[in-house]
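Q: I am new to this structure and would like to learn how to read it. Could you take me through its features one at a time?

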Amino acid sequence: MQVAVGTRVAVGLLVAALNGPAVAQENGWSFALSPYLWTPGISSSVGTRFGTLDANASVGDVLSATKFAAMGSFEARKGNWGLIADFLYSDLEERGETPFGVLFSRARIDTELTMLGGYAAYRLYEDGRVALDAMGGIRATWLNVGVSLSPGALPGQAFSTDESWVDPLIGVRARIALSQRWIAMALADVGGFGAGSDLTWQVLASLGYRFNERWSVQGGWRQLSTKKDLGGRDIKLELGGPFLGLTVRF
């Protein structure tokens with residue numbers, strides 16, 4: 001049901017992009033919709049009563065371990081002000097040896113992560129080539145982590161943690177026009193500060209090619225980290241990997 005609703009929303013935005021550029025120009029607003037594919041490697045650390053369980057999956061591992069993933073962003077801008085929304089959903093599974101000796105034979109960590117970020121951006125500087133924005137906002141996170149320990153000297157164990165929270169964020173974004181067609185972009189934010197998570201941050205860098213005023217593609221690298229105490233267990237997630245996206249402006 002959620003996937004179907006998301007698909008209808010995306011189709012609606014795309015139809016608006018194809019049919020509404022004149023309206024956007026008349027009211028002074030400009031919009032950009034960017035669906036993209038992100039294939040991150042994942043590193044997770046989960047505290048258990050037997051000790052800390054660390055698991056890592058490379059980008060190649062994640063391609064086979066991903067059950068479902070969806071990512072995208074939307075931006076509205078008028079004058080010096082902009083509103084940015086960023087969405088991420090991933091359902092990943094990691095398997096490996098345990099650090100608990102002969103107590104358990106194997107470990108599995110299932111991570112279902114949903115993040116929805118919203119920023120207000122103000123343009124601090126702009127000339128014909130460089131644009132610099134300051135950003136402030138929030139990132140809402142829904143996280144479900146399930147841990148299964150296969151039997152060894154002890155019987156198998158399983159537990160899960162499910163929680164949601166909201167982090168305040170501050171960040172910056174820079175765009176550089178390398179030529180009429182090529183554009184470089186870098187973004188960084190940091191937040192949490194104990195209000196939601198203990199600490200969350202991300203960095204993103206991309207290189208884009210503009211076909212015309214409406215259509216462009218971009219690829220790059222995104223790294224995201226979150227650390228939080230969930231139900232008395234310290235959990236740290238780090239996701240990082242390449243992405244490829246398509247942007248339509250209207």
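A: Buried means under 20% relative accessible area, exposed means over 50%, and partly exposed lies in between, with a 1.4 Å probe and protein chains only. Phe-250, at 13% relative accessibility, therefore counts as buried. Before we go on: this is a predicted model, in which local features need pLDDT of at least 70 and side-chain atom pairs count only at pLDDT 80 or more, while totals for chains, interfaces and linings use all residues. Residues are numbered from 1 along each chain as its sequence is written, and side-chain values use heavy atoms, with hydrogens and water left out.

Q: What does pLDDT tell me, and what is its mean for the protein chain?
A: pLDDT is the predictor's confidence in each residue, from 0 to 100. The protein chain has a mean of 81, and 76% of its residues reach 70 or more.

Q: Where does pLDDT stay under 50?
A: One such stretch is residues 1-18, and another is residues 20-25. A contact means heavy atoms within 4.5 Å; counting those beyond four places in sequence, the model has 14 for residues 1-18 and 5 for residues 20-25. Where pLDDT is low, the predicted coordinates should not be read in detail.

Q: How many helices and strands does the protein chain have?
A: Helices (H or I, at least four residues) and strands (E, at least two) are DSSP runs, numbered from the N terminus. Here there are 3 helices and 12 strands. Of the 250 residues in the protein chain, 40% are buried. Among contacts with a separation of 6 or more, 61% are between residues 24 or more positions apart.

Q: Which charged residues sit over rings?
A: The rule asks for NZ of Lys or CZ of Arg within 6 Å of the ring centre and within 35 degrees of the ring normal. Arg-222 has its charged end over the ring of Trp-38, 4.9 Å from the centre. Over the face of Trp-165 you will find Lys-228, 5.2 Å from the ring centre.

Q: Is Arg-77 buried or exposed, and what does its side chain reach?
A: Arg-77, in strand S4 (residues 66-78), is buried, with a relative accessible area of 11%. A polar contact is a pair of N or O atoms within 3.5 Å; within protein, one must be able to donate a hydrogen and the other to accept it, and residues adjacent in sequence count only if both atoms are side-chain atoms. The side chain of Arg-77 reaches the backbone oxygen of Gly-79 at 3.5 Å, and one of its polar atoms lies 3.3 Å from the backbone oxygen of Asn-80.

Q: Which side chains make polar contacts with the side chain of Thr-200?
A: They are those of Arg-139, at 3.1 Å, and Thr-226, at 3.3 Å. Thr-200 is found in strand S10 (residues 199-210) and is buried at 0% relative accessibility.

Q: Where is Phe-193?
A: Phe-193 is in the loop between strand S9 (182-191) and S10. Phe-193 has a positive phi of about 55° although it is not a glycine, and at 53% relative accessibility Phe-193 counts as exposed.
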